[in-house]
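Dear colleague,

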Amino acid sequence: MINKNKRRKSRKIKHRHALIIKITAVLLIIPVLIASGIFAYLYTHPVSLKKSVIEHELMEPFDPWDNVKHLFFADKKDVDISSEANIEQLGEYPVTYTCRGHKYSATVKVVDTTAPVLKVHPYKTDLTGEITPEKFVKEATDLTEVTLSFKDQGNWDQEGTYDVRIAATDSSGNETVETTTLTRIKDTTPPVVQGADNVEVLQGRTVDFEEGITVTDDMDPDPQVSVNSDQVDFATPGTYEVTYTTKDRSGNEETTVRKVTVKKDRDYNRKVVYLTFDDGPSAHTDKILEILNKYNAKATFFVTGNNQKHNDVLKRIVDQGSVVALHTYTHNYAEVYASEDAYFKDLKKISDMVKEATGVESKLIRFPGGSSNTVSKQYSPGLMTKLTKKVQEMGYQYFDWNCDSTDASGNNVPVKTLVENATSSTAQHINILMHDTDAKGTTVDALPDIIKHYRSQGYAFEALTIDSYPAHHSVNN
């Protein structure tokens with residue numbers, strides 16, 4: 001009996017040991033299975049994102065890596081990121097992360113949460129001026145479009161100072177509000193005219209009485225002005241009045257009187273030819289002077305500094321009653337038209353040379369190539385527009401021509417051709433372009449017939465003066 005109990009007991013112990021072994025085996029396998037499962041899952045799902053919708057501020061730099069929370073058993077080089085995010089425009093944009101054939105998607109939502117920058121200033125106006133938010137704003141900036149408006153707009157129709165609240169709202173609804181003041185006063189000051197100085201004009205010339213006129217008002221940015229010049233008779237010497245009447249939006253009115261003096265012009269209603277010779281002096285200048293003397297004619301010589309061995313003839317030109325005028329010292333277009341300063345340096349050189357040779361300071365100019373030249377555009381765009389205005393402001397006058405002998409087209413142009421071209425004009429005042437150089441012998445030969453033709457038509461031959469008809473061309477630069 002004792003042995004049976006022992007055997008029974010022994011079997012129970014063995015059975016318990018086997019059970020413990022089985023349970024232990026199971027307990028050991030479960031973590032392995034769990035770990036294997038976790039590993040398998042993480043290996044096949046290597047990317048963990050922080051957010052599926054990424055709110056991102058407009059214009060701020062965007063890095064899609066910032067949305068990666070973890071990488072499991074992978075490096076950055078294993079991940080391919082595709083992003084269509086446009087940080088410069090509000091909207092929603094996809095971003096995709098691809099790793100080991102698996103894709104993970106998120107949305108980048110570009111938003112604007114920043115209110116506009118708004119700076120305001122006080123505004124003062126009369127009782128008739130329109131009041132808009134823009135008139136109070138010094139600066140209103142934002143990354144998107146800004147709309148300005150009044151907050152709690154009141155009744156501001158009476159004189160006084162009012163608090164005004166200005167709102168700047170961007171396209172996302174962000175708003176900034178600032179407070180400033182509006183002052184409304186009764187305007188009793190009329191507009192003021194500038195530029196209506198008294199003016200002198202030669203008989204037969206005209207003046208644009210609106211040119212150079214500006215009108216300003218302390219309250220009205222666009223005051224009205226009317227000009228009455230009906231009294232002026234440019235054909236009759238005398239002093240006349242031009243009236244400028246200005247009026248602002250408040251009804252304030254002012255009248256300004258400008259005196260216009262029409263000076264007698266000895267050439268008015270006379271037919272005059274101005275013979276002009278460019279590029280001298282030359283070996284032919286004395287011959288030209290002899291012809292002028294023979295026919296009792298005067299001329300104008302626009303000289304250069306390129307042939308100074310003949311400068312002794314310049315004094316004879318003046319003594320004979322003709323005029324020495326200023327062309328250019330070098331006649332080098334690239335040098336003369338390099339800049340405004342370059343032109344005036346050249347002009348001073350030729351002016352000094354003429355004064356030294358003749359004792360006379362000339363104020364008469366002919367631009368190389370004429371005021372209509374386009375070659376100057378190669379060296380200084382817009383230069384001729386500046387020069388034509390500047391020389392007159394400095395007391396000079398520039399002279400072009402309205403009749404061309406065409407002797408510049410080549411050397412030894414046939415006399416017949418030169419005469420035909422130089423006598424083709426029937427204008428009242430004729431400025432004929434000719435040249436005085438060693439290579440222009442046929443110009444000298446054509447001169448007597450040119451003079452005879454115009455004299456037979458009743459023309460006088462005068463030298464140019466500062467008030468003579470200038471025959472200005474249209475400026476092309």
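What follows is a short account of a helix contact, of aromatic rings and of charges placed over rings.

Please bear in mind that this is a predicted model.

I begin with the helices, where α3 (residues 312-319) packs with α5 (residues 340-358) at an angle of about 70°, their axes being 8 Å apart. Since angles of 65 to 115 degrees count as roughly perpendicular, α3 is roughly perpendicular to α5. On the α3 side the contact is made by Leu314, Lys315 and Val318, which meet Met353, Ala357 and Thr358 in α5, and by class this contact has four nonpolar residues, one polar and one charged.

Turning to the rings, the structure holds ten aromatic pairs. One of them joins Phe136 and Phe150, whose ring centres are 6.0 Å apart and whose planes stand at 80°, so the pair is edge-to-face. Phe136 lies in the loop between β8 (123-125) and β9 (137-141), whereas Phe150 belongs to strand β10 (residues 146-151), so the pair ties together parts that are 14 residues apart in sequence. Both Phe136 and Phe150 are buried, and together with Tyr123 and Trp156 they form one aromatic cluster.

Tyr454 and Tyr459 also form an edge-to-face aromatic pair, with 5.3 Å from centre to centre and 80° between the planes. Tyr454, at 0% relative accessibility, counts as buried, and Tyr459 counts as buried at 7%.

Finally, Lys76 lies over the face of Trp65, at 4.9 Å from the ring centre, while the charged end of Lys363 sits over the ring of Tyr396, 4.3 Å from its centre.

Definitions and conventions: Residues are numbered from 1 along each chain as its sequence is written. This is a predicted model: local features need pLDDT of at least 70, side-chain atom pairs count only at pLDDT 80 or more; totals for chains, interfaces and linings use all residues. Side-chain values use heavy atoms; hydrogens and water are left out. Axes are lines fitted to C-alpha atoms, for helices over the stretch in contact, and angles run from 0 to 180 degrees between N-to-C directions. Helices (H or I, at least four residues) and strands (E, at least two) are DSSP runs, numbered from the N terminus. Angles under 35 degrees count as roughly parallel, over 145 as roughly antiparallel, 65 to 115 as roughly perpendicular and the rest as oblique. Contact means heavy atoms within 4.5 Å. Ala, Val, Leu, Ile, Met, Phe, Trp, Tyr, Cys and Pro count as nonpolar, Asp, Glu, Lys and Arg as charged, and the others, Gly among them, as polar. Rings of Phe, Tyr and Trp (its six-membered ring) pair if their centres lie within 6.5 Å; planes under 30 degrees apart count as stacked, over 60 as edge-to-face and the rest as tilted. Buried means under 20% relative accessible area, exposed over 50%, partly exposed in between (1.4 Å probe, protein chains only). A charge sits over a ring if NZ of Lys or CZ of Arg is within 6 Å of the ring centre and within 35 degrees of the ring normal.
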